[in-house]
Amino acid sequence: MSDHDYKPKSKVGQWFNDRLPLLTLANHLTDYPTPKNLNYWWTFGGILTFCLITQIVTGLTLAMHYIAHADMAFESVEHIMRDVNYGWLIRYIHANGASMFFLAVYIHIFRSLFYGSYKSPREIIWILGIIIYLLMMAAAFMGYVLPWGQMSFWGATVITNLFSAIPLVGEGIVTWLWGGYSVDNPTLTRFFTLHYLIPFLILGLVVLHIWALHVPGNNNPVGIDIKKPSKDTVPFHPYIVIKDGFALLMFMIVFAFFVFYSPNILGHADNYIEANPMVTPAHIVPEWYLLPFYAILRSVPDKLLGVVAMLSAILILAVLPWLDTSKIRSAVFRPLYRQFYWILVADVLILGYVGAMPAEGLYLLIARVATAYYFLHFLVILPVLGFKEKTLPIPLSITEPVLGGNPNFAMAKKNESKIE
Amino acid sequence: MSDKKPKRRDFLFTATTAVGAVGAAAVVWPMVDQMNPDASVKALASTEVDISSVKPGNTITVLWRGKPVFIRRRTKEEIDEARSVKMEDLIHPEKDEDRVKNPEWLVMLGVCTHLGCVPLNDKGDYDGWFCPCHGSHYDTSGRIRKGPAPWNMEVPKYEFVNANTIKIG
């Protein structure tokens, strides 16, 4: 099973593989030992790969018809919707695909939070994931600007103005980002360029993300280190491929529901009005997947501190492996963390809800409490919990809780070496 | 290391790196600067507005450098209201006298200093403007009174060409 021993069967295969070991790589990917207890929360990596490919393919085809010019962008999008063969389908897949991408990435992130997948030795995988997430947000934001509707224009204005909060150089940076004195044609063309570029950067980072994953191997619902390969693992193909494939089909049903039955439910009606620099829509809200961070931004009454809080809310995730002091990975064996985990989930959902509401009265108060709790969770609760929490005993192997293992640690170690 | 005399190889290494760094910087700057406003954008720097048809209590909005400019012909009450405010009540203290050339005419960028939305006319708690995005209230002099915006709405460079024409920029 070891990669280095692999030898292609055919003479041609051997000849090729000696010169470029692609077949060795393919063999590594199919035989890759995977924990046999992976549940459906682990299928979202594959689903996310599907989402990325879908966005790239639909994006390329849309770019064949879209015109990145302030005078023509809005019309060219309508042209795609009405005139281009299946243009409506491709655009609806692309627009809803962004939402599906974020839905999957949030499940993927929260799976990691529950099972402690970000902990040693998987910190680099986690940090690469956070960078991918940041790039996703940048790509989604710039993509939303391209149809040049009212929400596009004013979303771009508000988000680029965040940089004006930086002391001294802020205004200069905003002018530089705009290429003018307001969001206008130069802004649109550069956003289009970057929106085109970023998915390929993400693709490169995904390769690194998977490469880094294949060094220690997958975490698993029990969260313990396992011997690879052993009785605790199954080869990636066909076991995980089939499971991922089935989950992907289920996911595509949800995806198709949005595309075919309510393609505009996740968007804003205002974006079907062409951009007008003289009038701001009465109620500006970002896309749903950015709402929790938008709520954090608005909950702070100071401009600079609001921006700092919003960015910190994302960047704090990058240092999570060092904020969580518990050695136990899986929340299954952490009775207290498990409760705080669900409070955090609720907290983020509440932030998302108040982010969509006007920033006044009770909503503002709720946003402030939820923002404070968000930071409390990462900066106080997680570090303290690692020292205070009484964790449950963890099994010595994945098979143990099922087949009944030996409670004697030394004996179990011995058995493990036998399996090897 | 310190007692060793630098060799020709060390000299070549240092010189090559230094020239390389200068060369890289020289190439990077045009790449960065191309994103700044270009000559055609800068050329649109000023605009003339006919204000003869504006009645007292009305505001017109004109586009200057892609941004809306509010030109309001203020009523006597609005001017009095703006001038009776105590400086210590202001978030960004500025006298109304310093914000206008002719008290009847208030000319300012119709851009909220929070995150750049266009505030709504005749709204808010101070009879001036209200920004719908994040709830900033401005008074009849366009000064920030309540909400997240840090500064008063900006007064652009402008002049009265004659009694009926304002040149902005």
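Across the interface of chain A and chain B, 9 residue pairs are in polar contact, both residues of each pair being at pLDDT 80 or more. A polar contact is a pair of N or O atoms within 3.5 Å; within protein, one atom must be able to donate a hydrogen and the other to accept it, and residues adjacent in sequence count only if both atoms are side-chain atoms. The model is predicted, so local features need pLDDT of at least 70 and side-chain atom pairs count only at pLDDT 80 or more, while totals for chains, interfaces and linings use all residues. Residues are numbered from 1 along each chain as its sequence is written, chains are lettered from A and ligands numbered from 1 in the order in which they are written, and side-chain values use heavy atoms, with hydrogens and water left out.

The side of chain A that touches chain B draws two or more residues from each of the helices α7 (150-161), α8 (170-178), α9 (185-214) and α11 (291-299) of chain A. Helices (H or I, at least four residues) and strands (E, at least two) are DSSP runs, numbered from the N terminus. By residue class, this side of chain A comprises 15 nonpolar, 8 polar and 4 charged residues. Here Ala, Val, Leu, Ile, Met, Phe, Trp, Tyr, Cys and Pro count as nonpolar, Asp, Glu, Lys and Arg as charged, and the others, Gly among them, as polar.

In total, 27 residues of chain A are in contact (heavy atoms within 4.5 Å) with 27 residues of chain B. The area buried between the two chains is about 2300 Å², and carbon and sulfur atoms give 64% of this area. Buried area denotes the accessible area (1.4 Å probe) that two parts lose on being put together, summed over both. Within chain A, the most area is lost to chain B by Trp176(A), Tyr181(A) and Met278(A), which together give 33% of what that side buries.

A salt bridge is a side-chain nitrogen of Lys or Arg within 4 Å of a carboxyl oxygen of Asp or Glu. In chain B, Arg74(B) and Asp96(B) form such a bridge, at 2.9 Å from N to O. This pair links distant parts of the chain, 22 residues apart: Arg74(B) lies in the loop between β3 (67-73) and α3 (76-83), and Asp96(B) in helix α4 (residues 96-99). Arg74(B) is buried, at 2% relative accessibility, and Asp96(B) is buried at 1%. Buried means under 20% relative accessible area, exposed over 50%, and partly exposed in between (1.4 Å probe, protein chains only).

Asp96(B) also forms a salt bridge with Arg83(B), at 2.8 Å from N to O. Arg83(B) belongs to helix α3 of chain B, 13 residues apart from Asp96(B), and is partly exposed at 33%. A further salt bridge joins Asp125(B) and Lys146(B) at 2.7 Å, N to O. Asp125(B) is partly exposed at 47%, as is Lys146(B) at 38%. In chain A, a network of salt bridges links Lys119(A), Asp324(A), Arg334(A) and Glu389(A).

Strand β10 (residues 165-168) of chain B pairs in the antiparallel sense with strand β1 (residues 47-50) over 4 bridges. Pairing requires that DSSP finds at least two bridges between two strands. Strand β9 (residues 158-162) of chain B likewise pairs with β10(B) in the antiparallel sense over 4 bridges, and a hairpin joins β9(B) to β10(B) through 2 residues.
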